[in-house]
Amino acid sequence: MRFIVYVICLISLLGALPTKAEQVTIAAAHWREFSEPEGEGVYLELIKQTFADKQLKFDVGSYARAKRLFKNQKADVLVGVYKNDKTLLGDVTYPKYYLDMEFPIIAIYNPRTTKLRHSEDFKNLTVGWFEEYAYNRYVPEHAQSYRFTDIHKALVLLESGKVDVVVDHIYNLTERQKRMFETLELQGKTPIWLVFHDNERGRLLKNQFELAFEKLYHSKKLAEVFGEHYEHANFPSLFFNK
């Protein structure tokens, strides 16, 4: 009898021990202020709050590496994806709510050497964009492509006339460059998303993100997480009809 009581007590004690939290791996590119290698930044803070019960592992580096980890099933979540990105392949699923609104994609050019008003104007030009992003789908037919890995070096090449157009975002231009260059919008503000694998685990994670996101929005904590970037994200538009 004592042995039975002992076993029951032992089972009760083991049941009371804290279980190890489920590990979730997050893959992201390094975007200053938003996803930092140390696991900090606006997007990663949002993820921490939506998956507070999980053991999170952040892998932050290049966008190419983040996509590769996700495609090879070594990451559960990929951060900052355009919904029409066909390069992900495989079965993926997106939550109801986007992560942020990306600034317009623009063609940046030097008006002293290049005239750019219509898509036909690209035909004889050398156009460059960051090699990890599929911006070519926004670029009209052009003479030559240049894939760069450093936006700052690309803008130096633009200033020197080595390339005719750089496709990127306005926030990467310095104030001096904004005065020097002109821009042509190729794609307006576009949502970027977290993406999950379309399997049972991925759908559970997606559902958890959606529920937690709603709570953060209604409690005003989402605004605290995004701070000065909250207005640009325009999250209230997601809930106007709710």
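At 37% relative accessibility, glutamate 33 counts as partly exposed, where buried means under 20% relative accessible area, exposed over 50% and partly exposed in between (1.4 Å probe, protein chains only). Glutamate 33 is placed in the loop between E1 and H2; helices (H or I, at least four residues) and strands (E, at least two) are DSSP runs, numbered from the N terminus. Its phi is near 80°, a positive value in a residue other than glycine. A positive phi is also found at lysine 220, where the angle is near 70°. Lysine 220 lies in the loop between H6 and helix H7 (221-226) and, at 59% relative accessibility, counts as exposed.

The structure is a predicted model, in which local features need pLDDT of at least 70 and side-chain atom pairs count only at pLDDT 80 or more, whereas totals for chains, interfaces and linings use all residues. Residues are numbered from 1 along each chain as its sequence is written, and side-chain values use heavy atoms, with hydrogens and water left out.

The secondary structure of the protein chain comprises eight helices and 11 strands. The radius of gyration of the chain is 23 Å, well over the 18 Å that the globule rule gives for 242 residues, so the chain is more spread out than a compact globule. This radius is taken over C-alpha atoms, and the globule rule is 2.2 Å times the number of residues to the power 0.38. Along the principal axes, the C-alpha atoms fill a box of roughly 95 × 35 × 30 Å. Of the 242 residues in the protein chain, 45% are buried.

Rolling a probe the size of a water molecule over the atoms shows where empty space is left. The largest pocket holds about 1100 Å³ of space. A pocket is defined on a 1 Å grid over the protein atoms alone as an open set of points where a 1.4 Å probe fits, with protein on both sides within 12 Å along at least five of seven lines; lining residues have an atom within 4 Å of a point. Grid points are joined across faces, edges and corners, and the volume is the space filled by probe spheres set on the points. The lining of the largest pocket consists of 38 residues, of which Trp31, Arg32, Glu102, Tyr171 and Asn172 lie nearest the centre. At least two lining residues come from each of helix H3 (63-71), strand E5 (100-102) and helix H4 (151-160). E5 gives the most, with three residues. By class, the lining divides into 15 nonpolar, 11 polar and 12 charged residues; Ala, Val, Leu, Ile, Met, Phe, Trp, Tyr, Cys and Pro count as nonpolar, Asp, Glu, Lys and Arg as charged, and the others, Gly among them, as polar.

A pair of aromatic rings is described by the distance of the centres and the angle of the planes. Rings of Phe, Tyr and Trp (its six-membered ring) pair if their centres lie within 6.5 Å, and planes under 30 degrees apart count as stacked, over 60 as edge-to-face and the rest as tilted. The count by this rule is 23 aromatic pairs. In one of them, the ring centres of tryptophan 31 and tyrosine 43 are 6.4 Å apart and the planes are at 80°, so the pair is edge-to-face. Tryptophan 31 lies in the loop between strand E1 (23-29) and helix H2 (42-50) and tyrosine 43 in helix H2, so the pair ties together parts that are 12 residues apart in sequence. Tyrosine 43 is buried, at 5% relative accessibility. For tyrosine 217 and phenylalanine 239, the ring centres are 4.1 Å apart and the planes at 5°, so this pair is stacked. Tyrosine 217 lies in helix H6 (residues 200-218) and phenylalanine 239 in the segment after helix H8 (230-233), so the pair ties together parts that are 22 residues apart in sequence. Tyrosine 217 is buried, with a relative accessible area of 16%, and phenylalanine 239 also counts as buried, at 7%.

Lysine 83 lies over the face of tryptophan 193, at 4.1 Å from the ring centre; a charge sits over a ring if NZ of Lys or CZ of Arg is within 6 Å of the ring centre and within 35 degrees of the ring normal.

Valine 166, in strand E9 (residues 165-168), is buried at 1% relative accessibility. Its C-alpha atom lies 8.8 Å from that of phenylalanine 130, 36 residues apart in sequence.
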